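Reader: I am new to this structure. Please show me how to read its features.

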Amino acid sequence: AIDIQQVLGLLEALDDETGDRADGWDFGEELHKDYSGLMLTVNAAEILGLVRTPQETVELTELGRRLLS
């Protein structure tokens, strides 16, 4: 199960580490998280409208940025 802390951690990592976007494979390695666990968190964030995932990239949405501010 994914909790909100994991989603918020993902958003914060995207904001802090990557300039709002990251390659899915590389990002998992940077966070020291297995790919399947990362994708569950990314999918939860995407359902909430906080990120989008064009191709293999994870990007913050405007809503995700506003949540962090």
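Author: Start with glutamate 59. It is buried because its relative accessible area is 9%, and buried means under 20%, exposed over 50%, partly exposed in between (1.4 Å probe, protein chains only). This is a predicted model, in which local features need pLDDT of at least 70 and side-chain atom pairs pLDDT 80 or more, while totals for chains, interfaces and linings use all residues. Numbering starts at 1 along each chain as its sequence is written, and side-chain values use heavy atoms, without hydrogens and water.

Reader: Which residue forms a salt bridge with glutamate 59?

Author: A salt bridge is a side-chain nitrogen of Lys or Arg within 4 Å of a carboxyl oxygen of Asp or Glu. Here the partner is arginine 52, with the closest N and O atoms 2.9 Å apart. Arginine 52 is partly exposed, because its relative accessible area is 39%.

Reader: How many salt bridges does a search of the whole structure find?

Author: It finds two. The other pair to look at is arginine 65 and glutamate 62, whose side chains meet at 3.4 Å, N to O. Both residues lie in helix α4, three residues apart, about one turn of the helix. Arginine 65 has 31% relative accessibility, so it counts as partly exposed. Glutamate 62 has 48%, so it is partly exposed too.

Reader: In what order do the elements run?

Author: Helices (H or I, at least four residues) and strands (E, at least two) are DSSP runs, numbered from the N terminus. The protein chain has four helices and three strands. From the N terminus on, the order is α-β-α-α-β-β-α.

Reader: What share of the 69 residues is buried?

Author: Buried residues make up 32% of them. Take leucine 14, in helix α1 (residues 4–17). Its relative accessible area is 0%, so leucine 14 is buried.

Reader: Which residues does threonine 41 touch?

Author: Contact means heavy atoms within 4.5 Å. Leaving out residues up to four places away in sequence, threonine 41 touches Ile2, Gln6, Val7, Leu10 and Lys33. Threonine 41 sits in helix α3 (residues 35–47). It is buried, because its relative accessible area is 2%.

Reader: Where is threonine 61 found?

Author: Look in the loop between β3 (57–60) and α4 (62–68). With 10% relative accessibility, threonine 61 counts as buried. Beyond residues up to four places away in sequence, it touches Gly49, Leu50, Val51 and Arg52. Now take the chain's contacts between residues at least 6 apart in sequence: 49% join residues at least 24 apart.

Reader: Is glutamine 55 buried or exposed?

Author: Exposed, because its relative accessible area is 78%. Glutamine 55 lies in the loop between β2 (51–52) and β3. Its backbone deserves a look as well. Glutamine 55 has a positive phi of about 55° although it is not a glycine. Most residues other than glycine have a negative phi.

Reader: Which residues form the negative surface patch?

Author: Patch residues have over 30% relative accessible area and no salt bridge, with like charges joined within 9 Å and nonpolar side chains within 5 Å. Asp and Glu count as negative. Here the patch consists of Asp23, Asp26, Glu29, Glu30 and Glu56. Helix α2 (residues 24–30) gives the most, with three residues. Aspartate 26 has its place in that helix. At 43% relative accessibility, aspartate 26 is partly exposed.

Technical notes
Areas by Shrake-Rupley, 256 points an atom, 1.4 Å probe, with all protein chains shown as cover. Charge placed at Lys NZ, Arg CZ, Asp CG, Glu CD.
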